[in-house]
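Please look through the structure shown here. The report that follows takes up selected features in turn.

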Amino acid sequence: MGYPEYMRESLKMVERTRPQRLEMAKKGLRNFVKPMSEEEREEVLRKYHPDYQPDARREVRVGPNKGELLTAKVAEVLESHSRIDPDNFVIEPPDYETDVLIIGGGGAGCMAAIWARKEGAKVILCTKLRLGDANSMMSQGGMQAAVNPHDSPVIHYIDALGGGHFDNKPELLKVLTTEGPKIAKFLEDLGVMWDKLPDGHYQTKPGGGTSRRRMLSCKDYTGAEIMRVLRDEVRNHPEDILVLEYNPAVELVLDEEGKCAGAILMNMETGEYTVVKAKATIIATGGFGRLHIKGFPTTNHYGATMDGVVMAYRAGAKLLYMDSVQYHPTGAVYPPQILGFLITEKIRGFGGQPVNKYGELFVYPLEPRDVEASAIIRECAEGRGIKTPDGHVGVWLDSPIIDLLNGPGTIEKNFPAMVRQYRRFGIDITKEPMLIYPTLHYQNGGIEINEWCETTIPNLLAAGEVTGGVHGRNRLMGNSVLDYNVFGRRAGIKAAELAKKTTVGKLTIEHIKKYEEELREAGIETKLVTPILLPEYRNLELLKKHRKEFDPFLPAGI
Amino acid sequence: MEERKLIPIYVLGKKYMVPEGSTIITALEYAGFKLKKGVGCREGFCGACASLYRLPGDYRLHGGLGCQTVVVENMHIVQIPYTPAPKAVYDIEELEPDVSVFNRYYPELFRCVSCNTCTKICPQELNVMDYVNAMMRGDFETAAELSFDCLMCGLCSARCPAEISQFLCAILARRLYGKYLSKKGEFILQRIKEIEEGKYEEEFRRLMSLPLEELKKIYYERDLNLEIT
C-alpha cells in the first residue's frame, strides 16, 4: 500500500534536503544543530511534554504515598478494589510452598530465577501469559554498558543522571553502571549473539543523551535475543524452577509479622485461585503502557497493566516517581496497523534524522528521550507535521540517510525487524522515511527499592521496570535492558539469601481488608477492580449488547 | 474519521464482520473475543500469535503472525497459541559446539526430507530448511545467521512431516555459536577487572558527594565523543 499520494510532495522535500543533511552529518551534526542547553530543555519540556500539562497529575488519597501527586491514571488505578474477598478467601493450607516466588516471566523474572537457583533456592516463577511474553522481548535498539576504553562506568553514570533530571537514586545508578560490563559478558557466556566488530569487540553505537558510544545490540532484535536465551536457560532447570504460565499473581500474601510470604495466583483460563507460600517474593511484572495514559498509543506488551505496582501498594510498599511517564520519541503513526509501535532509537544512533514536512532537521537527533519527544510534539503543534488519513500527525524519521552515511546494506543488516515490519505494508525504509510521533513507552517510576532490590516490605523484592529510582524521571535508551539484567540478578541472589534465614509465620491477607477500609474512609467510590491483567480492546457496542453477564474480565463502568 | 468498511472473515468456521484493514488480532477483538492466549507483544517480536489461515480460491494453508497479518475477505482463520515441542534440557557449559549435540539432543533433526514446508510456513520468511541443513552439517555460523530472526512461534514444528522442532534446534545452535564460536573481544575482560579492583570507586565517591549545581555543571559541560569506539 505505501504512503498515500498527498504525502508525495513532502516526501520529495525530504529527498531534496537529504544531500545537505548528509554533509552536515559527515562533518559532525552537533556543529550545525546544537544539543539543547539546560534552559532550552526546560522550556520545551514545560510547554510540550505530556507530564508537564496541568491535568497530568493528581493526589492519591490512600496507601503509603497518600497525599502525593501521581500521574492521574496511576492514582485512579491505585484507588481500586481487590479481586479477592478477604472475608471469605481461604488462605491456608497453601497449594504450593517454595523458597522464592517470582512474579513475572520477563527479563528481570528470568534473570532472578537463574540466579536464585544458582544460590541454591527452589523457585516458582508465575507469569500472566507465556514465559518471555514481556516488554523485554520487544526492546530493539540495545543495552548500555561502558565497554569501550574511552568510556567508563562513571561517564555512564553522569549521562544517565543528567538524562534523569538528577533524580536518580545515586546508589542504584552506581550499581547499574558499574555492573554493565559484567552483564554484557555474562550474557555472552550464556550464548547471546552480540553484534561484533571484526576483532571480536562489541559493536557500539550512541543513544539519546549518551556522550560515548555505549549501545550494545543484537541487530534490532536485541530484547528478543536476550529474552529467548534467558528463557531457554530457565527451562534448562526444571528440577529447581517451576514455571506457571497463564497464572498471574493477583494479591500478595503476608505473614503475621508483616513479612511478604507469597501470593495468590489466578488461572487465566479457569479463573481458579491458588496460594503460593514463599520465604521470599520478587515482583518483576514490568510497566504500565497498556493503561494508555492521556490516550497515547503504546509500544508496550499486551500485559503491561501495572499489576505489580498495585499489588505491592495494597500490601504497603512505598512507590517512587510514579508521577513520571516516558514517551518514546519515535513511535509509528502510519500505516494505521502499526500505530504506536516502537521505531528503535538505534535508527538515530546510526544517523537517522527527524525532519518536518518541509524536510528540515529541527532538533539534534540524540537528545534524551523526553526532550526529543517534546521537540517532535512542538513541531507538530506548530503546524510542521504531516497528517495521516485517520487524523494522526507526525514527522518524518529519515532512514535512507543511514545507508548513505554508513554504506549500502547497513539498514538491511542492522534493522531486519524494522525493514520487515514496513515491508509488510508496502514501505521500503531503505528508500523512504518513516512517519513517527511520540508513543507511551516506559514507566519511569515504580516500587521503591534499595541496591539489593528490597522494598519497604520485608522479604518482598522487586526488579526491572516495576521499580522506581534507577532512572530518575527519564530513562535513557538501553538502560532498561541493563536494569532488568543487573537488578534481576541481584534480586535473585538476595531472595535466595533471605530464604535461607526466613521462617514464614501464619499467612494473612488482612492488608486487603485494611486497604478497603482506607478507600471507604477516604470516601472513594469506584467500580475498578485491579490488577487489571489485560486491557480492553473489544468492540464496546457488542459488549454492551451481548456479553455483560458472562465475562469475568469485564472492566468496571461498562 | 470515516467509518471503515466491514468485511466477512471466518473464525473456527463462524462468520464475523470486521473492519477492512484490521490485523487478525484487532479483527478478533472487534468481533468480541477477549484474547487471553494467542496474543503477546502485538508488534511482531514474541511469536505468541501464530495463526493459520486459508484464502478463498487457494488450496494452500498459510501461516502468519496475528498481529502482523491484515485480514482479507472470506479468510478462514485459526490461532495456534502453542505447539507442544520437546525442549531438550542441557548444561550449556559442558556442551561442545559440534554436530554431535544434535545427535544427542535432537536426533530427529536428521530425519529432514528437504520438503521445505518449514520455510513456506515461516511468518518471518526465514529459510528454515536451509538452517536445518546447516545444522546437519555442523555449520553453526550459518545456522545462527539464518535463524537469527526466529520468534520461536512454533509453526515450522507444527507443519514438519519429519517432526523436527526446528526452532528449538536453532536456539541451541545460536547459543553454542554465541558462546563458543563467535570471535571474542579482549578489552571486556580488562574492563571487568578494573571495575572489580575498584578503579572507579574514588571517582564515584567524589561525584556522589557533590551538590546538585556542580553535578549539573559537569553534565552540561561534558564532552561528546561519539566517533571512536
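## Two crossing helices

In this predicted model, helix 7 and helix 15 of chain A are roughly perpendicular to each other. Their axes come within 10 Å and cross at roughly 90°. Angles of 65 to 115 degrees count as roughly perpendicular, so the pair of helices is described that way. Helix 7 covers residues 180-190, and helix 15 covers residues 479-500.

Which residues make the contact? Helix 7 of chain A brings A:G180, A:K182, A:I183 and A:L187. Helix 15 of chain A brings A:L482, A:N485, A:V486 and A:R489. The residues of this contact divide into 4 nonpolar, 2 polar and 2 charged.

## Where the chains meet

The size of an interface is often given as the accessible area lost when the parts come together. Chain B and chain A bury about 8,000 Å² between them. Carbon and sulfur atoms carry 58% of that area. In the contact, 78 residues of chain B meet 104 residues of chain A.

Which residues of chain B lose the most area to chain A? They are B:K34, B:F45 and B:F148. Together they account for 11% of what the chain B side buries.

## An arginine facing chain B

A:R228 sits in helix 8 of chain A, residues 222-235. Is A:R228 buried or exposed? Its relative accessible area is 2%. Buried means under 20%, so A:R228 is buried.

The side chain of A:R228 reaches the backbone oxygen of B:F148 at 2.8 Å. B:F148 is also one of the chain B residues that lose the most area to chain A. Leaving aside neighbours within four places in sequence, A:R228 is in contact with B:F148, B:D149, B:C150, B:M152, B:I171 and B:R174.

## Backbone exceptions

Most residues other than glycine have a negative phi, and most peptide bonds are trans. Chain A has a cis peptide bond from A:E92 to A:P93, with omega near 0°. A:P93 lies in the loop between strand 3 (81-82) and strand 4 (96-103) of chain A. Another cis peptide bond joins A:T530 and A:P531, with omega about 0°. A:P531 lies in the loop between strand 22 (529-530) and helix 17 (540-547) of chain A.

In chain B, phi is positive at B:N74, near 65°. B:N74 is in the loop between strand 4 (62-65) and strand 5 (75-79). At 30% relative accessibility, B:N74 is partly exposed. Phi of B:E125 is positive too, near 60°. B:E125 is in the loop between helix 3 (117-121) and helix 4 (128-137) of chain B. Its relative accessible area is 57%, so B:E125 is exposed.

Technical notes. Residues numbered from 1 in each chain as written. Chains lettered and ligands numbered in written order. Predicted model: local features only at pLDDT ≥ 70, side-chain atom pairs only at ≥ 80, totals over all residues. Heavy atoms only, no water. Helix = DSSP H or I, 4+ residues; strand = E, 2+ residues; numbered from the N terminus. Buried < 20%, exposed > 50% of the residue type's maximum accessible area, 1.4 Å probe, protein only. Polar contact = N/O pair within 3.5 Å; in protein donor to acceptor, adjacent residues only side chain to side chain. Contact = heavy atoms within 4.5 Å. Axes fitted to C-alpha atoms, helices over the stretch in contact; angles between N-to-C directions. Parallel < 35°, antiparallel > 145°, perpendicular 65-115°, else oblique. Nonpolar A, V, L, I, M, F, W, Y, C, P; charged D, E, K, R; others polar. Buried area = accessible area lost by both parts, 1.4 Å probe.
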